[in-house]
There are 2 protein chains.
Amino acid sequence: MRIALDAMGGDFAPEAIVKGAVIAAQEVDPDTTILLIGKEDVVKGLLQEYGYTGNSITVINASQVIEMGEHPTKALTQKPDSSIAVGYGLLKMQKADAFCSAGNTGAMLVGAMFSVKAVEGILRPSIAGFVPKLSGGFGVILDVGANADCKPEVLEQFGELGSIYAKYMLDIENPKVGLMNLGEEEGKGTMLTQAAYQRLKANPSINFIGNIEGRDLFNDKADVIVCDGYTGNIILKLAESLYDILNDKGIHDPFFDKFNYEAEGGSPILGINGNALIAHGVSSPRAVCNMVLQAQKMASSKISERFQKKFSA
Amino acid sequence: MRIALDAMGGDFAPEAIVKGAVIAAQEVDPDTTILLIGKEDVVKGLLQEYGYTGNSITVINASQVIEMGEHPTKALTQKPDSSIAVGYGLLKMQKADAFCSAGNTGAMLVGAMFSVKAVEGILRPSIAGFVPKLSGGFGVILDVGANADCKPEVLEQFGELGSIYAKYMLDIENPKVGLMNLGEEEGKGTMLTQAAYQRLKANPSINFIGNIEGRDLFNDKADVIVCDGYTGNIILKLAESLYDILNDKGIHDPFFDKFNYEAEGGSPILGINGNALIAHGVSSPRAVCNMVLQAQKMASSKISERFQKKFSA
């Protein structure tokens with residue numbers, strides 16, 4: 001298996017990424033190769049500096065870098081040899097089984113749409129996030145920012161995408177799908193959630209349990225939480241801020257420690273022809289390593305192929 | 001000053017409400033009277049049971065009760081002598097300076113629109129909630145559920161309503177208004193937030209500081225957080241659930257203890273011709289007492305009159 005990793009993306013790149021790759025090289029399966037994409041001399045220099053002498057990492061040259069603040073579409077057009085463009089090129093040519101980056105989120109999303117593209121039948125690919133559950137494990141919430149405005153049929157597909165991810169990546173049999181709403185009763189909510197409710201309810205391929213509320217985020221009502229990207233982004237950033245607040249206060253607890261974004265690694269882009277993951281810009285080596293391991297599991301669980309099988313006519 | 005209180009509304013009514021009124025009677029200003037509305041024999045019996053002998057509470061008879069699960073409009077039409085209808089009647093006739101209830105939220109909202117009505121010029125009255133700030137005090141977030149779907153001009157007015165409330169009730173001079181969004185940069189967000197941003201920015205009567213994100217809920221970026229009622233409801237319920245989670249874990253902290261809904265008492269309905277407050281159905285006597293004190297401050301701060309002055313042509 002080959003996991004492509006953008007060495008140049010993130011606030012602490014390339015150092016934190018290369019360090020993360022070195023850790024990951026010890027933890028991936030024996031037959032997995034990490035394709036570390038970036039300026040070859042820089043990346044090789046760092047590998048040497050960190051004393052890496054194994055053969056699980058292959059450096060692939062990319063002469064350009066898309067910076068964190070750049071306009072995604074413009075940057076991808078102007079920088080065809082950027083690490084993100086090269087990574088997606090490998091994914092498209094099936095020279096990589098997954099691609100992950102802690103770089104420019106917009107460029108990762110636009111790059112996916114330009115290169116591997118959305119799975120036929122998928123209206124809007126989605127970025128999924130993870131929320132820790134009080135009873136253990138994680139739930140998946142989507143969308144968390146790729147699609148600020150959504151149509152009801154898009155939310156319905158999020159329920160399907162999330163269900164497949166939860167089943168094969170979080171090992172939840174028959175995952176419960178909840179619609180984030182302002183009340184539990186059917187008929188509550190915005191015009192969007194009211195219409196989405198009816199579609200989710202009528203969809204035989206998911207286990208829809210109805211509306212859930214803000215207070216249900218961390219309990220066991222739903223394993224898959226469906227909402228538009230505006231709402232999901234706010235929820236996820238709010239939840240993540242709790243870790244920092246508790247940490248600052250010196251309060252440590254196994255449950256709240258799971259709010260640390262490092263725990264899960266990256267946020268997968270679901271619904272594209274390939275497995276892609278985006279991590280926080282501030283990602284530490286540990287977070288980068290976890291993203292690589294998550295990418296490996298996505299590839300071996302054939303997540304992208306499962307979407308293709310389900311949605312392509 | 002006369003504060004009307006619905007004795008019959010709430011999961012633990014009338015006992016918890018009457019107990020709350022008895023506590024409040026000790027804490028309100030000497031010239032304040034609590035008008036306790038409900039079935040006279042029941043309420044008077046409870047006052048006797050709790051040993052109340054003062055003269056700060058006047059019982060006003062209302063023979064009917066709107067239950068928590070009833071349809072608001074139907075219930076108000078069919079029960080003209082319900083405690084909520086009687087309360088709003090007193091507010092409309094200016095025989096009460098404020099009215100508060102822990103009962104049916106929908107009926108409280110519909111009752112406001114039927115009786116005292118929205119202030120002329122106000123597009124949609126709003127229910128405001130409160131979020132504790134790490135630096136101390138509270139911020140105000142609106143809407144938290146009265147208006148699931150909002151138009152940009154409605155969000156603009158929420159900024160104005162919240163600013164007046166924050167200034168006179170939370171004693172924040174020149175309150176900072178933030179628009180809850182999925183990114184900080186201008187141009188980010190949904191079609192709604194993009195349009196609302198431009199209106200808030202152009203409004204000279206508020207101190208608009210731009211977009212804020214989910215992670216900014218508890219910091220000092222904004223004193224007034226503007227969002228649609230769907231989003232605000234989810235945020236508020238999520239924040240409130242943290243208190244229960246921490247409490248269950250035995251984690252106590254002055255900041256997180258402020259997440260206890262009891263701390264602030266009630267959620268004001270802003271933008272109507274009168275001061276009205278809604279409390280949680282589960283309200284304890286302490287929460288009821290705090291709502292009465294909050295109602296007293298709303299009346300003495302002339303919150304409703306300030307809205308009338310600002311918005312009426």
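Predicted model: local features only at pLDDT ≥ 70, side-chain atom pairs only at ≥ 80, totals over all residues.
Figure 1. Four salt bridges are found across the interface of chain B and chain A. The interface also holds ten residue pairs in polar contact, both partners having a pLDDT of 80 or more. On the side of chain B that touches chain A, at least two residues each come from α7 (191–202), α8 (229–248) and α9 (254–257) of chain B. With twelve residues, α8(B) gives the most to this side. Sorted by class, the side of chain B that touches chain A comprises 18 nonpolar, eleven polar and seven charged residues.

**Figure 2. Area buried between chain B and chain A.** Contacts link 36 residues of chain B with 36 residues of chain A. About 3,100 Å² is buried between chain B and chain A, and carbon and sulfur atoms account for 73% of this area. B:Leu182, B:Tyr230 and B:Leu238 supply more than any other three residues, namely 22% of the area that chain B buries against chain A.

Figure 3. B:Thr190 belongs to the loop that runs between β7 (176–180) and α7 of chain B. Its relative accessible area is 6%, and B:Thr190 is therefore classed as buried, the limit for that class being under 20%. When neighbours within four places in sequence are left aside, B:Thr190 is in contact with A:Ala148, A:Asp149 and A:Tyr230 of chain A, and with B:Asn181 of chain B.

**Figure 4. Domain 1 and domain 2 of chain A.** According to the domain assignment, domain 1 of chain A consists of residues 1–122 + 271–302, and domain 2 of residues 123–263. A distance of 26 Å separates the C-alpha centres of domain 1 and domain 2 of chain A. Contacts are made by 20 residues of domain 1 of chain A with 16 residues of domain 2 of chain A. The two domains of chain A bury about 1,400 Å² between them, with 64% of that area on carbon and sulfur atoms. Within domain 1 of chain A, the residues that lose the most area to domain 2 are A:Ile122, A:His280 and A:Lys297, which together make up 34% of what that side buries.

Figure 5. The side chains of A:Lys297 and A:Asp171 are joined in a salt bridge, with 3.1 Å from N to O. One salt bridge is counted between domain 1 and domain 2 of chain A. The count of residue pairs in polar contact between these domains of chain A is five, with both residues at pLDDT 80 or more. Both α5 (105–114) and α10 (285–300) of chain A supply at least two residues of the side of domain 1 that touches domain 2. The most, six residues, is given by α10(A). In this side of domain 1 of chain A, nine residues are nonpolar, nine are polar and two are charged.

Figure 6. Most peptide bonds are trans. In chain A, the peptide bond from A:Leu142 to A:Asp143 is cis, and its omega is near 5°. A:Asp143 is located in the loop between β6 (138–142) and α6 (152–169) of chain A. In chain B, B:Ala13 and B:Pro14 are joined by a cis peptide bond with omega of about 0°. The position of B:Pro14 is in the loop between β1 (2–6) and α1 (15–27) of chain B.

Figure 7. Most residues other than glycine have a negative phi. A:Lys117, a residue other than glycine, has a positive phi near 70°. This residue, A:Lys117, lies in the loop between α5 and β5 (126–132) of chain A. A relative accessible area of 41% makes A:Lys117 partly exposed. B:Gln94, likewise not a glycine, has a positive phi of about 55°. The loop between α4 (83–92) and β4 (98–101) of chain B contains B:Gln94. B:Gln94 counts as exposed because its relative accessibility is 62%, the class requiring a value over 50%.

Key:
Residues numbered from 1 in each chain as written. Chains lettered and ligands numbered in written order. Heavy atoms only, no water. Domains from an automatic or database assignment. Contact = heavy atoms within 4.5 Å. Buried area = accessible area lost by both parts, 1.4 Å probe. Polar contact = N/O pair within 3.5 Å; in protein donor to acceptor, adjacent residues only side chain to side chain. Helix = DSSP H or I, 4+ residues; strand = E, 2+ residues; numbered from the N terminus. Nonpolar A, V, L, I, M, F, W, Y, C, P; charged D, E, K, R; others polar. Buried < 20%, exposed > 50% of the residue type's maximum accessible area, 1.4 Å probe, protein only.
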